[in-house]
Amino acid sequence: VELESTFRDTMARGGSAAFLLDRFHMDLETFTHTEVDPGLAGLLASYGITIGDKLVADAQCTTISLMMRTNLFPIPVPVKYPFMPQVQRLSGDSAITEGIGNIVFPFATFVDVNPPVGTTSTVLAKSSDKSWLEENPPNFNPQRDWGKEEIVPAGPYNLIVQLTGRFPRHFPEAPGATDANEAKDKKDDAREARIIVAGGSNFIWDRYLGRTNQALAANLVDWMVL
(Lines give C-alpha, C1' and ligand atoms only; values in the text may rest on other atoms or scores of the structure.)
Protein backbone atom coordinates (compact mmCIF):
# COMPACT_ATOMS: atom_id res chain seq x y z
CA VAL A 1 0.00 0.00 0.00
CA GLU A 2 2.82 2.39 0.88
CA LEU A 3 4.62 1.70 -2.39
CA GLU A 4 1.44 2.23 -4.39
CA SER A 5 0.79 5.50 -2.57
CA THR A 6 4.33 6.69 -3.35
CA PHE A 7 3.96 5.68 -6.99
CA ARG A 8 0.64 7.46 -7.39
CA ASP A 9 2.08 10.58 -5.79
CA THR A 10 5.00 10.48 -8.25
CA MET A 11 2.70 10.06 -11.23
CA ALA A 12 0.47 12.89 -10.03
CA ARG A 13 3.52 15.16 -10.15
CA GLY A 14 4.27 14.27 -13.77
CA GLY A 15 6.31 11.06 -13.51
CA SER A 16 6.87 8.33 -16.07
CA ALA A 17 6.48 4.57 -15.68
CA ALA A 18 6.51 1.46 -17.83
CA PHE A 19 4.81 -1.81 -16.89
CA LEU A 20 6.00 -4.77 -18.97
CA LEU A 21 4.01 -7.49 -17.29
CA ASP A 22 4.31 -11.22 -17.93
CA ARG A 23 1.49 -13.59 -17.03
CA PHE A 24 3.55 -16.62 -18.07
CA HIS A 25 7.24 -17.46 -17.75
CA MET A 26 8.37 -19.78 -20.52
CA ASP A 27 11.10 -22.39 -20.76
CA LEU A 28 11.87 -22.75 -24.47
CA GLU A 29 13.96 -25.84 -23.88
CA THR A 30 11.00 -27.85 -22.62
CA PHE A 31 8.11 -25.58 -23.72
CA THR A 32 6.74 -25.60 -20.21
CA HIS A 33 5.49 -22.53 -18.38
CA THR A 34 4.82 -21.02 -14.98
CA GLU A 35 1.87 -18.71 -14.38
CA VAL A 36 2.70 -15.33 -12.83
CA ASP A 37 0.53 -12.78 -11.02
CA PRO A 38 2.24 -9.34 -11.03
CA GLY A 39 -0.13 -8.18 -8.27
CA LEU A 40 -0.80 -4.83 -9.94
CA ALA A 41 -4.35 -5.37 -11.21
CA GLY A 42 -5.92 -2.95 -8.73
CA LEU A 43 -3.40 -0.18 -9.35
CA LEU A 44 -3.65 -0.42 -13.13
CA ALA A 45 -7.45 -0.69 -13.04
CA SER A 46 -7.58 2.66 -11.26
CA TYR A 47 -5.87 4.10 -14.35
CA GLY A 48 -8.35 2.36 -16.66
CA ILE A 49 -5.94 -0.42 -17.70
CA THR A 50 -6.60 -4.17 -17.65
CA ILE A 51 -4.04 -6.89 -18.39
CA GLY A 52 -5.60 -10.02 -19.86
CA ASP A 53 -4.99 -13.52 -18.52
CA LYS A 54 -4.95 -15.27 -21.91
CA LEU A 55 -2.07 -15.36 -24.37
CA VAL A 56 -2.42 -13.82 -27.79
CA ALA A 57 -1.69 -16.24 -30.64
CA ASP A 58 -1.36 -14.97 -34.19
CA ALA A 59 -1.10 -16.58 -37.61
CA GLN A 60 1.09 -13.59 -38.49
CA CYS A 61 4.07 -14.75 -36.47
CA THR A 62 7.77 -15.44 -36.53
CA THR A 63 9.44 -18.85 -36.73
CA ILE A 64 11.45 -20.88 -34.26
CA SER A 65 14.03 -23.55 -35.04
CA LEU A 66 13.22 -27.11 -33.96
CA MET A 67 15.66 -29.99 -34.13
CA MET A 68 14.11 -32.78 -36.17
CA ARG A 69 15.79 -36.19 -36.17
CA THR A 70 16.42 -37.85 -39.50
CA ASN A 71 17.82 -41.32 -40.20
CA LEU A 72 21.36 -40.00 -39.83
CA PHE A 73 21.39 -36.91 -37.62
CA PRO A 74 19.13 -34.13 -36.29
CA ILE A 75 18.67 -31.02 -38.42
CA PRO A 76 17.14 -27.62 -37.53
CA VAL A 77 13.74 -26.98 -39.12
CA PRO A 78 12.01 -23.56 -39.05
CA VAL A 79 8.45 -23.74 -37.68
CA LYS A 80 5.94 -20.88 -37.51
CA TYR A 81 5.02 -20.30 -33.87
CA PRO A 82 1.78 -18.35 -33.23
CA PHE A 83 2.77 -17.52 -29.63
CA MET A 84 5.34 -15.10 -31.11
CA PRO A 85 3.17 -12.58 -32.97
CA GLN A 86 5.04 -10.37 -35.44
CA VAL A 87 3.63 -6.87 -35.76
CA GLN A 88 4.49 -5.54 -39.19
CA ARG A 89 3.53 -1.94 -38.52
CA LEU A 90 3.30 -0.08 -35.21
CA SER A 91 1.26 3.04 -34.52
CA GLY A 92 2.61 6.20 -36.14
CA ASP A 93 0.84 8.40 -33.59
CA SER A 94 3.66 8.23 -31.05
CA ALA A 95 7.34 9.12 -31.11
CA ILE A 96 8.00 5.72 -29.54
CA THR A 97 6.85 3.72 -32.54
CA GLU A 98 7.03 6.04 -35.54
CA GLY A 99 8.83 4.35 -38.43
CA ILE A 100 9.24 1.02 -36.61
CA GLY A 101 7.83 -2.30 -37.77
CA ASN A 102 8.35 -6.06 -37.76
CA ILE A 103 8.43 -6.29 -33.97
CA VAL A 104 8.15 -9.71 -32.34
CA PHE A 105 6.04 -9.96 -29.17
CA PRO A 106 6.62 -13.42 -27.67
CA PHE A 107 4.14 -14.83 -25.14
CA ALA A 108 2.12 -11.65 -24.72
CA THR A 109 -1.31 -11.12 -23.21
CA PHE A 110 -3.71 -8.43 -24.38
CA VAL A 111 -4.07 -5.01 -22.78
CA ASP A 112 -7.39 -3.14 -22.54
CA VAL A 113 -7.48 0.58 -21.79
CA ASN A 114 -10.31 2.94 -20.88
CA PRO A 115 -8.55 6.25 -20.23
CA PRO A 116 -9.73 8.21 -17.18
CA VAL A 117 -10.95 11.78 -17.53
CA GLY A 118 -8.03 14.10 -18.22
CA THR A 119 -5.92 11.44 -19.94
CA THR A 120 -5.56 10.10 -23.47
CA SER A 121 -4.54 6.65 -24.65
CA THR A 122 -2.74 5.43 -27.76
CA VAL A 123 -2.41 1.82 -28.86
CA LEU A 124 1.24 1.44 -29.88
CA ALA A 125 1.14 -2.19 -31.04
CA LYS A 126 -1.57 -4.74 -31.69
CA SER A 127 -1.83 -8.20 -33.15
CA SER A 128 -3.25 -8.86 -36.61
CA ASP A 129 -6.86 -9.65 -37.47
CA LYS A 130 -5.71 -13.27 -37.78
CA SER A 131 -5.04 -13.51 -34.04
CA TRP A 132 -6.97 -15.21 -31.26
CA LEU A 133 -6.80 -15.84 -27.50
CA GLU A 134 -5.63 -19.22 -26.26
CA GLU A 135 -7.66 -20.94 -23.57
CA ASN A 136 -5.90 -21.59 -20.25
CA PRO A 137 -3.76 -23.50 -19.72
CA PRO A 138 -2.16 -22.89 -23.12
CA ASN A 139 -0.69 -25.75 -25.10
CA PHE A 140 2.77 -24.47 -26.05
CA ASN A 141 3.76 -27.52 -28.09
CA PRO A 142 5.37 -26.08 -31.26
CA GLN A 143 4.41 -29.21 -33.17
CA ARG A 144 0.68 -28.70 -32.69
CA ASP A 145 -1.35 -29.31 -35.81
CA TRP A 146 -2.99 -25.88 -35.88
CA GLY A 147 -4.89 -26.74 -39.06
CA LYS A 148 -6.94 -29.40 -37.27
CA GLU A 149 -8.02 -27.10 -34.44
CA GLU A 150 -11.23 -25.06 -34.47
CA ILE A 151 -9.62 -21.64 -34.21
CA VAL A 152 -11.77 -18.53 -34.75
CA PRO A 153 -9.58 -15.41 -35.18
CA ALA A 154 -11.10 -12.45 -33.32
CA GLY A 155 -8.20 -9.99 -33.36
CA PRO A 156 -6.67 -7.55 -33.34
CA TYR A 157 -5.67 -7.33 -29.67
CA ASN A 158 -3.74 -4.53 -27.99
CA LEU A 159 -0.19 -5.51 -27.01
CA ILE A 160 1.25 -2.15 -25.87
CA VAL A 161 -0.67 0.98 -24.87
CA GLN A 162 0.46 4.48 -23.94
CA LEU A 163 -1.44 6.64 -21.46
CA THR A 164 -0.69 10.35 -20.93
CA GLY A 165 -2.29 13.11 -18.93
CA ARG A 166 -2.79 14.21 -15.34
CA PHE A 167 -3.38 11.40 -12.90
CA PRO A 168 -4.86 11.83 -9.39
CA ARG A 169 -2.69 10.87 -6.45
CA HIS A 170 -5.45 8.82 -4.84
CA PHE A 171 -7.67 5.89 -5.75
CA PRO A 172 -11.06 7.29 -6.82
CA GLU A 173 -12.95 4.90 -4.53
CA ALA A 174 -10.60 5.37 -1.53
CA PRO A 175 -11.71 7.19 1.64
CA GLY A 176 -8.82 9.62 1.05
CA ALA A 177 -10.27 10.79 -2.26
CA THR A 178 -11.51 13.99 -0.70
CA ASP A 179 -12.04 17.49 -2.02
CA ALA A 180 -8.80 18.49 -0.26
CA ASN A 181 -6.85 15.88 -2.22
CA GLU A 182 -8.45 16.98 -5.48
CA ALA A 183 -7.56 20.59 -4.71
CA LYS A 184 -3.95 19.56 -4.04
CA ASP A 185 -3.84 17.73 -7.36
CA LYS A 186 -5.00 20.84 -9.21
CA LYS A 187 -2.61 23.12 -7.37
CA ASP A 188 0.60 21.09 -7.50
CA ASP A 189 0.34 18.83 -10.51
CA ALA A 190 0.50 20.72 -13.77
CA ARG A 191 2.87 18.37 -15.58
CA GLU A 192 1.75 15.54 -17.80
CA ALA A 193 2.49 12.02 -16.60
CA ARG A 194 3.27 9.08 -18.88
CA ILE A 195 2.49 5.40 -18.53
CA ILE A 196 3.37 2.52 -20.85
CA VAL A 197 1.76 -0.90 -20.36
CA ALA A 198 2.74 -4.00 -22.32
CA GLY A 199 1.27 -7.47 -21.98
CA GLY A 200 4.72 -9.00 -21.56
CA SER A 201 8.43 -8.25 -21.28
CA ASN A 202 9.86 -10.89 -23.61
CA PHE A 203 10.12 -8.46 -26.53
CA ILE A 204 13.08 -6.76 -24.81
CA TRP A 205 14.83 -9.95 -23.63
CA ASP A 206 18.20 -10.65 -25.24
CA ARG A 207 16.87 -13.84 -26.80
CA TYR A 208 14.37 -11.91 -28.94
CA LEU A 209 16.11 -8.55 -29.19
CA GLY A 210 16.57 -8.10 -32.92
CA ARG A 211 17.37 -4.70 -34.43
CA THR A 212 13.78 -3.50 -34.61
CA ASN A 213 13.02 -4.67 -31.07
CA GLN A 214 16.17 -2.84 -29.94
CA ALA A 215 14.93 0.35 -31.58
CA LEU A 216 11.58 0.06 -29.81
CA ALA A 217 13.24 -0.56 -26.43
CA ALA A 218 15.55 2.45 -26.90
CA ASN A 219 12.62 4.68 -27.89
CA LEU A 220 10.68 3.58 -24.81
CA VAL A 221 13.53 4.65 -22.54
CA ASP A 222 14.04 7.96 -24.40
CA TRP A 223 10.34 8.81 -24.18
CA MET A 224 10.23 8.02 -20.46
CA VAL A 225 13.14 10.29 -19.53
CA LEU A 226 12.17 13.31 -21.64
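How many cavities of 30 Å³ or more are there by this rule? The count comes to 1 cavity, where a cavity is a set of points on a 1 Å grid over the protein atoms alone at which a 1.4 Å probe fits but cannot get out. The model is predicted: local features need pLDDT of at least 70, side-chain atom pairs count only at pLDDT 80 or more, and totals for chains, interfaces and linings use all residues. Residues are numbered from 1 along each chain as its sequence is written, and side-chain values use heavy atoms, with hydrogens and water left out.

**Cavity and pocket**

- The largest cavity has a volume of about 40 Å³, a volume being the space filled by probe spheres set on grid points joined across faces, edges and corners.
- Its lining (residues with an atom within 4 Å of a point) includes Phe105, Pro106, Leu159, Ser201, Asn202 and Phe203.
- This lining divides into 6 nonpolar, 4 polar and no charged residues; Ala, Val, Leu, Ile, Met, Phe, Trp, Tyr, Cys and Pro count as nonpolar, Asp, Glu, Lys and Arg as charged, and the others, Gly among them, as polar.
- The second largest pocket (an open set with protein on both sides within 12 Å along at least five of seven lines) has a volume of about 180 Å³.
- Of the 14 residues lining the second largest pocket, Val87, Arg89, Ala125, Lys126 and Ser127 lie nearest its centre.
- Strand β9 (residues 119–126) supplies the largest share of that lining, 4 residues; strands (E, at least two residues) and helices (H or I, at least four) are DSSP runs numbered from the N terminus.

- Beyond its neighbours within four places in sequence, Phe105 is in contact (heavy atoms within 4.5 Å) with residues including Phe83, Val87, Ala125 and Leu216.

**Helix α1**

- In α1 (residues 2–12), Phe7, Arg8, Met11 and Ala12 are buried, that is, under 20% relative accessible area with a 1.4 Å probe and protein chains only, against over 50% for exposed and in between for partly exposed.
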